[in-house]
Amino acid sequence: MATTWDATSVIIIKRDGGKLPADAIAWFIDGYTRGAVADEQAAALCMAVYLNGLDNDELAAWTEAMIDSGSRVDLGTVERPTVDKHSTGGVGDKISLILCPLMAACGAAMPQVSGRGLGHTGGTLDKMASIPGWRAELSTAELRRAMTEVGAVISAASEDLAPADRKLYALRDVTGTVASIPLIASSIMSKKIASGTSALVLDVKVGRGAFMTNLDDARVLAETMVGIGREAGVATVALLTRMDQPLGRMVGNTLEVDESLDVLDGGGPLDVRRVTLALAEEMLALAGLSVDPAAVLDRGSGHDAFVEMVRFQGGDLDAQRPTARFQQPIDSPATGWVTDLDALAVGQAAVRLGAGRARKEDEISYGAGIECAAKPGDPVTAGEPVFVIHADDEARFPPVIERLAGAITIGPEPVEQPDVVIERIG
Ligand code: URA
């Protein structure tokens, strides 16, 4: 690798709107990972990228440098086609819990590396961790064995998966440089590409409960990630899906595992089933499998694969999952139809109940959360519950009741609900 670079020169090129050579990017990211480039220098470069962007060549080099900061998982020995999914995160987004075993039941292998929840969106690992005995940390050898024996795994990222991203993300978080499309796209794609999948479907959420609140930005993010994936030899497609209201009716860890099991039994809320099947169809097409995922879901094969996947990771689905000590209904103030439900308010309220973390080090309460008894399109009667809130500590109820009061809108007539899947990019 060329050693002619120094951090200040690299920062100045991007500060002045220039194009960074690939070897300068590789040098900088490698230096930052090893500690040779300082936090303040990496923060300055992130701000320069935030302000001036990266073109396609720079983006490819940046992503590759982040992948090369750790090791790539080799899934070459897995006989089934490997295909993964990434969601940009939302409220009540439990799709991975259903999709992972569904893919296994359809003959694919899904090596899902997930994260814990931060902010108002829940994390897949926290949901799975509500199952007694389940463990998120797997060695690479265990991961390969799970892919062959079960075809599905949900695991935490190993220390060696794109370590540059871990450092850079923490830095971006405190320097106002998270909301940059090239930095988000390279961050997500470096981890997905390094985790060894051959194909990838992205669920880019749009709406007030999502990271991207506007459709144009979401479209650019999706196109950028699809471009990075293809450049790296990973067949990639994106779906833009709505995140204005929570997905499904349950928000909270145990509550969402229960709802996922309903969908795996062929029932559950229609929006969760719709997004799951839309993603599943794209994934199966990329994997070259002609299987009808709806039929597989309806005959319970996905449920069987979920049981196997959980058992492989030490979990016991027959053991009692944590439930909250207290429940409190919140009644509808009027009779009519629910016309709107604010996903951001519900997500923030769930965090206040203890279902998520306000700070990284917070303990979560697995049984806490919110049941949305009424969603847009449903009729409601004054005095009947529209929410049931669950918490281990009753003192958490008053601020949540206040936050949820404005979260639901009731009108005199039903309002037609648009399809939760907006468009496909790829
Ligand atoms: N998720 C990531 O993994 N990285 C980002 O930059 C934003 C969301």
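These legends describe close-up views of a predicted model.

View 1. Ala 152, Ile 154 and Ala 156 point one way from β3. Val 153 and Ser 155 point the other way. Both sets are buried. Ser 114 has Ala 156 of β3 as its bridge partner.

**View 2. Gln 313 is buried in a loop.** The loop that holds Gln 313 lies between α14 (301-312) and β7 (326-331). Gln 313 has 0% relative accessibility and therefore counts as buried; the cut-off is under 20%. Leaving aside residues up to four places away in sequence, Gln 313 touches Gly 133, Trp 134, Arg 135, Ala 136 and Leu 138, among others. Its contacts also include Val 153 and Ile 154, two of the buried residues of β3.

**View 3. Helix α5 is largely enclosed.** Ten of the eleven residues of α5 are buried, so the rest of the structure largely encloses this helix. The buried residues are Ile 95, Ser 96, Leu 97, Ile 98, Leu 99, Cys 100, Pro 101, Leu 102, Met 103 and Ala 104. Just after α5, Gly 107 has a positive phi of about 105°.

**View 4. Helices α5 and α11 pack together.** Helix α5 covers residues 95-105, and helix α11 covers residues 253-264. Their axes lie 9 Å apart at an angle of about 40°. That angle makes α5 oblique to α11. The crossing is right-handed. From α5, Leu 97, Ile 98 and Pro 101 take part in the contact. They meet Glu 256, Val 257, Ser 260, Val 263 and Leu 264 of α11. By class, the contact of α5 with α11 has six nonpolar residues, one polar and one charged.

**View 5. Four strands form an open antiparallel sheet.** The strand order is β6-β9-β11-β7. Strands β6 (250-251) and β7 stand at the edges. Each has a single partner strand, so one side of each is left without a neighbour in the sheet. Strands β9 (residues 369-372) and β11 (residues 385-391) run antiparallel and are joined by four bridges. Glu 371 stands opposite Val 388 of β11.

How values were computed
Residues numbered from 1 in each chain as written. Predicted model: local features only at pLDDT ≥ 70, side-chain atom pairs only at ≥ 80, totals over all residues. Heavy atoms only, no water. Buried < 20%, exposed > 50% of the residue type's maximum accessible area, 1.4 Å probe, protein only. Pairing = 2+ DSSP bridges. Axes fitted to C-alpha atoms, helices over the stretch in contact; angles between N-to-C directions. Parallel < 35°, antiparallel > 145°, perpendicular 65-115°, else oblique. Left-handed = near helix turned anticlockwise from the far one by under 90°. Contact = heavy atoms within 4.5 Å. Nonpolar A, V, L, I, M, F, W, Y, C, P; charged D, E, K, R; others polar.
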